[in-house]
Amino acid sequence: MANTENTETSSKSSGGENLREDAIEIQKKARTFLSRLLDIREDTDRESTVEAVQKDISFKGHNAWILIFSIFVASIGLNVSSTAVVIGAMLISPLMGPIVGVGMSVAINDVDTLKRSFVNLGIMVGLSVLTATIYFFISPVKNETPELVARTYPTILDVLVAIFGGLALIVAKTKKGTIASVILGVAIATALMPPLCTVGYGLANAKWQFSLGAIYLFSINAVFIALSTFVVCKLLGFPLVKYANSKRRKRTAQIASTVAIIVMIPSVILFVKLLREQVFQSKAVEFIENTVRYTGAETLKYDSDFKEKTIDVYMIGNTVPLATIATWQERMGEIEALKQSELVIHQGNDQTQDINRLSTELRSGILEDLYVKNQEVLADKDKRINLLESELSKYRGDAFSFSNLSREAKINYENIEEIGYSNLITTNFQKQDTIPTFTVTWNSKLRNSELAAEQDKFQKWMKVRLNLDTLSIKNVR
């Protein structure tokens, strides 16, 4: 018995060892697979990348004129709210070069390249803003289009696009044989040019809030693209610039590190701030849709202000009791992102705040929503009417011209003496169906074999001619 137990124990122990060995082997293979799949070091051309980036930094001659023309194109697109035109302008803009140059020069401690990148970036930004200001100053169209308004303040999505777009850009540049399509895609996604055009619009029309918000958005995009470039260059082990004087090299490294820290700290702070604001907005919407409900009352509109920590809800219908509002406030306090926020309920039938005293913006928004919904309902009804008319026309024979069909039949089948058409309604007491039915009178002189061939051929022709799977043909002789 003891020997048997020892044997079983030994067998279990060896089985467990085998499982562990298999798990380790699978883990090694998975690690090797992922390493081969994601490793980009072997296909990275560091020297060519540095040369290409330094070449793209320069800003004179052709690049200057390309920038001016692309700014004009982008400004026109923003002015008429044409997304396609704005995208076209971003494809031909040379703004990306100096920004990538800043990130790379900090990563490799190249002070000369860093200075040249900052100088060229400053010239590019100044020339872009000047060109856009001139255009919007002489343009007869002064309206705040949706394309312009969208470039006045960064969101967490803009930060994420700049981060991942910058990573895609520098990875594409470091590959042997640069991937041009990626560079063009990043130019569109990060949208560096439209914010500068919006700055010009704000300066030309004395709308300083537009200018400040747009330059803020541009700065965010530029900083995170440069930061992404810095990170990738460090991870790929780009060689540091060597100086004959070791003291100068050390001082250069210190300057580069200081610049990187100065750039990173505000960027991280801004990222956290935008993330909190985005969470606040989304939680506010979720709270209003799930909690702010009362029988006989309807929510017309709601706004949330992250800075003031307030959530305004406009309602119409039955008056919501103060006790209910207090309960809503307590529930809102239980949500981490909405703590210490104030819930303000504006009720339309309140004597001090009726629907007629609501803001013009709110009332116009309500009317716009009603108009859009009515248009959608009408469009849906039109589609249903057209479908029903189409189906009805099939039953009435309106889907084809009987006179034209009969003439064609006579030309193709000269032995037909007479043809008739009707819809036959049938039922098997479970469902009802309508079958198109043709009555055909054939020449009595035809032999039986000829008649059968003609009838079969006529039936096939009718199905193709009318595009019907089901029809009935009654032959008369």
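The legends below describe close-up views of a predicted model. Local features need pLDDT of at least 70, side-chain atom pairs count only at pLDDT 80 or more, and totals for chains, interfaces and linings use all residues. Residues are numbered from 1 along each chain as its sequence is written, and side-chain values use heavy atoms, with hydrogens and water left out.

**View A. Crossing of helices α6 and α10.** The axes of α6 (residues 111-138) and α10 (residues 193-204) come within 7 Å and cross at roughly 50°. The crossing of α6 past α10 is right-handed.

**View B. Residues between α6 and α10.** From α6, V125, S128, V129, A132, T133, F136 and F137 meet L196, C197, V199, G200, Y201, L203 and A204 of α10 (contact: heavy atoms within 4.5 Å). The residues of this contact comprise 11 nonpolar, 3 polar and no charged, with Gly counted as polar.

**View C. The largest nonpolar core.** This core has 48 residues, and F136 and C197 have the most contacts inside it (core: buried nonpolar residues joined through side-chain atoms within 4.5 Å; buried: under 20% relative accessible area, 1.4 Å probe). Helices that each supply at least two of its residues include α2 (46-57), α3 (62-79), α8 (156-174) and α11 (208-235). The largest share, 9 residues, comes from α11.

**View D. Surroundings of C197.** Leaving aside neighbours within four places in sequence, C197 is in contact with I71, A74, S75, L78, A132 and F136.

**View E. A second, separate core.** This core of 17 residues includes F287, V320, M332 and L343.

Note on methods
Axes fitted to C-alpha atoms, helices over the stretch in contact; angles between N-to-C directions. Helix = DSSP H or I, 4+ residues; strand = E, 2+ residues; numbered from the N terminus. Left-handed = near helix turned anticlockwise from the far one by under 90°. Buried < 20%, exposed > 50% of the residue type's maximum accessible area, 1.4 Å probe, protein only.
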